[in-house]
Structure formats: structure tokens, C-alpha cells
Amino acid sequence: MEQFSYRITDTAGIHARPAGLIVKEAAKYKSHIKISANGKEADAKKIFAVMSLGIRNGEEIIVTIDGEDEKDAKTALSAVIGENL
């Protein structure tokens, strides 16, 4: 299992565009990928689940990846999140 955290710096938080980028990247991997914030958890491969977390600027997310390609998924997702949020 791989895990990383990130504090959101985008003034709009996780809105439709970055949520779509996260989902698109997560869908490339076989691993189970979850995003947690504010006591809630969502499947990172489902856009409505990610957006339902209501993550805002300054909040911290935790991304948990579990599966056969977890190391590659962690590298790619941390890059996408870091560049867009």
C-alpha cells in the first residue's frame, strides 16, 4: 500500500477540471485508489465521488493506493495533483 498527502493550494479547491484530471489518471491503473478528506473517503476513479468530498483551498487530502501498480500510480497521481491543485 502506498499513501501520500497534499494540501490543496488552488483557490477554488477540487472543482470539475482538476477532479476530471485526477479521475482520468487514476483510471489508468489497476490499483484501488481512494481520496480522503474531512473524515470522508471517495473512489478516485469516479468523478462524482471525488467532487462530493467538497475539498476546498487549504484542506489536506490523503491519497491511498493499493494494488499491483501502486508505485507507478503514486508517482503519476502525485504529479497530477501537484501540478493542478
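Strand 2 and strand 3 form a hairpin with 2 residues between them. Asn38 lies in the loop that joins these strands, and its phi is near 55°, a positive value in a residue other than glycine. The model is predicted: local features need pLDDT of at least 70, side-chain atom pairs count only at pLDDT 80 or more, and totals for chains, interfaces and linings use all residues. Residues are numbered from 1 along each chain as its sequence is written, and side-chain values use heavy atoms, with hydrogens and water left out.

**The sheet**

- Helices (H or I, at least four residues) and strands (E, at least two) are DSSP runs, numbered from the N terminus.
- Four strands make up an open sheet in the order 1-4-2-3, with antiparallel pairing; two strands pair if DSSP finds at least two bridges between them.
- Strand 1 (2-7) and strand 3 (40-43) are the edge strands, each pairing on one side only.
- On average, neighbouring strands of this sheet are turned by 20° against each other, direction ignored; axes are lines fitted to C-alpha atoms, for helices over the stretch in contact, and angles run from 0 to 180 degrees between N-to-C directions.
- Strands of a sheet pair through backbone hydrogen bonds, either parallel or antiparallel.

**Strand pairs**

- The antiparallel pair of strand 1 and strand 4 has 6 bridges, and Phe4 stands opposite Val63 in strand 4.
- Strand 2 is joined to strand 4 (residues 60-66) by 5 bridges, again antiparallel, with Ile33 opposite Ile65 in strand 4.
- Strand 2 and strand 3 pair in the antiparallel sense over 4 bridges; the bridge partner of Ser36 in strand 3 is Glu41.

**The helices**

- Helix 1 (residues 16-26) has the buried residues Pro18, Ala19, Ile22, Val23, Glu25 and Ala26; buried means under 20% relative accessible area, exposed over 50%, and partly exposed in between (1.4 Å probe, protein chains only).
- Seen down the axis of helix 1, these buried residues fall within an arc of 165°, so they line one face of the helix; the arc is that of the directions from the helix axis to the C-beta atoms.
- An α-helix has 3.6 residues a turn, so residues three or four places apart point the same way.
- The cover over the buried residues of helix 1 includes strand 2 (32-37), helix 2 (47-52) and helix 3 (70-84); contact means heavy atoms within 4.5 Å.
- Helix 3 lies across strand 1, strand 2 and strand 4, and runs at about 5° to strand 1.

**Residues in the strands**

- Glu2 lies in strand 1 and is buried, with a relative accessible area of 15%.
- The side chains of Glu2 and Lys74 are joined by a polar contact of 3.4 Å; a polar contact is a pair of N or O atoms within 3.5 Å, where within protein one must be able to donate a hydrogen and the other to accept it, and residues adjacent in sequence count only if both atoms are side-chain atoms.
- Glu2 and Lys74 are 72 residues apart along the chain, and their C-alpha atoms are separated by 6.9 Å.
- Beyond four places in sequence, Glu2 touches Val63, Thr64, Ile65, Glu70, Lys71 and Lys74.
- Thr64, found in strand 4, counts as buried at 16% relative accessibility, and its side chain makes a polar contact with the side chain of Gln3 (3.0 Å).
- Ala42 lies in strand 3 and counts as buried at 6% relative accessibility.
- The C-alpha atoms of Ala42 and Ser52 are separated by 8.1 Å, with the two residues 10 apart along the chain.
- Leaving aside residues up to four places away in sequence, Ala42 touches Ile33, Lys34, Ile35, Ala49, Val50 and Leu53.

**The nonpolar core**

- The largest nonpolar core has 26 residues, of which Ile14, Ile33, Ile35, Ile55, Ile61, Val63 and Ile81 touch the most other members; such a core is a set of buried Ala, Val, Leu, Ile, Met, Phe, Trp, Tyr and Cys residues joined through side-chain atoms within 4.5 Å.
- At least two residues of this core come from each of strand 1, helix 1, strand 2, helix 2, strand 4 and helix 3.
- Not counting residues up to four places away in sequence, the contacts of Ile35 include Ile22, Ala42, Val50, Leu53, Ile55, Ile61 and Val63.
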